[in-house]
Structure formats: structure tokens, C-alpha cells
Amino acid sequence: MFERFTRGARAAVKGAVAQAERAGADSVTEEHLLLALLEQEGGRTSFAVTALGLHDRRASLDAAFAEARRRGGLTRADTDALADIGIDIGAIVSRVEGAHGEGALAAGRTGRRWWSGHRPFTPGAKTVLENSLRVALGRGDRFIGEEHLLLALTAKPGVVADVLAEHGATYATVQRALYGADADGGQGHAKAG
């Protein structure tokens with residue numbers, strides 16, 4: 001699959017590893033992939049990210065990801081569903097942090113990278129990479145570009161897709177920003193997921 005990655009897509013994957021290193025994370029997540037895409041310049045994805053206003057709201061994106069980590073990685077949909085049955089995640093987080101310190105529910109460190117020398121990709125990040133192939137094939141493309149990675153991030157349910165949607169970047173809006181009014185090429189391609 002990686003032989004189909006464009007130079008930009010490969011740079012995004014390497015950028016995601018660098019993002020994980022800067023954050024001191026033991027593994028590369030979907031969030032790291034998105035942050036790497038946000039830092040890329042000069043491509044179709046950079047144009048789409050700018051057109052959607054994501055560059056201007058980077059601090060808001062970072063805050064939303066920090067809040068999701070604080071909730072132990074639960075999406076807003078998960079939090080709302082639990083609230084519907086009477087479980088207040090905010091209260092639980094506050095009690096746990098009161099007893100164990102701020103960020104206690106954030107993903108823990110396993111230390112694996114110290115033994116292996118590299119940061120593995122989480123199952124969610126691997127799924128995004130796999131779905132980027134599906135997105136590319138669905139569009140009839142023979143390559144996997146950073147635009148396919150961005151679309152795959154919006155298509156995979158989870159925190160990253162939720163945060164992007166909260167900032168106006170859904171699969172449909174990203175597709176329009178990338179490909180214009182004829183976003184599906186007139187062929188009605190379905191999204192990956």
C-alpha cells in the first residue's frame with residue numbers, strides 16, 4: 001500500500017511520527033496524522049484546510065483534542081449517550097483528577113518505544129491509512145495523497161472526526177474544498193469507513 005503514497009502523503013506520515021515524538025507519545029494516533037496534515041504547505045490539502053478555516057482555528061483544535069484526552073478519549077457522542085442514561089462524565093473526570101491528578105484519564109505510557117526504538121501506529125491510525133486507500137480507489141485514483149488521508153480522517157468515527165466536524169470539516173465539506181462543486185466526480189462515490 002505504501003508504494004502508492006505520494007511524496008506529500010509520505011511526508012504526512014513522517015510528520016505524524018514527528019508530532020508523536022514532540023508530544024512524548026508512545027504511539028502515533030489519528031490526531032498526530034491530522035496535526036501533520038495541518039502543518040503541510042503547498043498542496044491540495046493545505047488549500048482545503050485553509051479554505052475550511054482550520055489553520056486559523058488551530059488553538060481551538062488543540063483545546064478540543066486536549067479536552068477529549070482529558071475525558072479518556074471519549075467522543076462527544078459517547079459522552080452524550082452516557083449522559084442520557086444518567087452518567088455525568090464531567091463529574092467522573094473531576095473526581096478521578098481530584099484523586100489522581102489532572103489528566104489521569106489520558107492514555108498512559110507503555111514504554112514500548114524505549115525497547116523497540118520506534119513509535120508504532122495505533123489501530124485507529126492504521127485504519128485511517130487503510131481507509132485512505134479506499135477513498136483513493138473510490139475516487140478512481142491510482143495513488144494515495146494527503147487529501148485521501150484527510151478524507152479518511154473525517155470518515156473514521158472517533159475523536160478526530162468529531163473535532164473536525166465541530167470545526168466545520170465533515171467528509172462532505174472537506175470533499176467540496178478539495179474537489180469543488182463536482183466533489184464526487186459525478187460518479188456518486190461513497191466515503192470510506
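In this predicted model, the contact between helices α9 and α11 brings together Glu 147, His 148, Leu 150, Leu 151, Thr 154 and Ala 155 from α9 with Tyr 171, Val 174, Gln 175, Leu 178 and Tyr 179 from α11. Sorted by class, the residues of this contact comprise 7 nonpolar, 3 polar and 1 charged. Helix α9 covers residues 146–155 and helix α11 covers residues 171–179; their axes approach within 9 Å and cross at roughly 165 degrees. Since angles over 145 degrees count as roughly antiparallel, α9 and α11 are therefore roughly antiparallel to each other. The crossing of α9 past α11 is left-handed.

As α2 passes α9, the crossing is left-handed. On the α2 side, the residues that meet α9 are Glu 30, Leu 33, Leu 34 and Leu 37, while α9 contributes Glu 146, Leu 149, Leu 150 and Leu 153. This contact holds 6 nonpolar residues, no polar ones and 2 charged ones.

Glu 30 belongs to helix α2, which spans residues 30–39. Its relative accessible area is 18%, and because the cut-off for buried is under 20%, Glu 30 counts as buried. What does Glu 30 touch, leaving aside its neighbours within four places in sequence? Its contacts are Thr 122, Gly 124, Ala 125, Val 128, Leu 153, Lys 156 and Val 160.

Stepping back to the whole protein, the model contains 11 helices and 0 strands. Read along the sequence, the pattern is accordingly written α-α-α-α-α-α-α-α-α-α-α. The protein has 193 residues, of which 45% count as buried. Turning to contacts between residues at least 6 apart in sequence, 66% of these join residues at least 24 apart. The accessible surface amounts to about 10200 Å², with 53% of that area belonging to carbon and sulfur atoms.

Methods: Residues are numbered from 1 along each chain as its sequence is written. This is a predicted model: local features need pLDDT of at least 70, side-chain atom pairs count only at pLDDT 80 or more; totals for chains, interfaces and linings use all residues. Side-chain values use heavy atoms; hydrogens and water are left out. Axes are lines fitted to C-alpha atoms, for helices over the stretch in contact, and angles run from 0 to 180 degrees between N-to-C directions. Helices (H or I, at least four residues) and strands (E, at least two) are DSSP runs, numbered from the N terminus. Angles under 35 degrees count as roughly parallel, over 145 as roughly antiparallel, 65 to 115 as roughly perpendicular and the rest as oblique. A crossing is left-handed if the near helix is turned anticlockwise from the far one by less than a right angle, and right-handed if clockwise. Contact means heavy atoms within 4.5 Å. Ala, Val, Leu, Ile, Met, Phe, Trp, Tyr, Cys and Pro count as nonpolar, Asp, Glu, Lys and Arg as charged, and the others, Gly among them, as polar. Buried means under 20% relative accessible area, exposed over 50%, partly exposed in between (1.4 Å probe, protein chains only). Accessible areas come from the Shrake-Rupley method with a 1.4 Å probe; for residues, only the protein chains shown count as cover.
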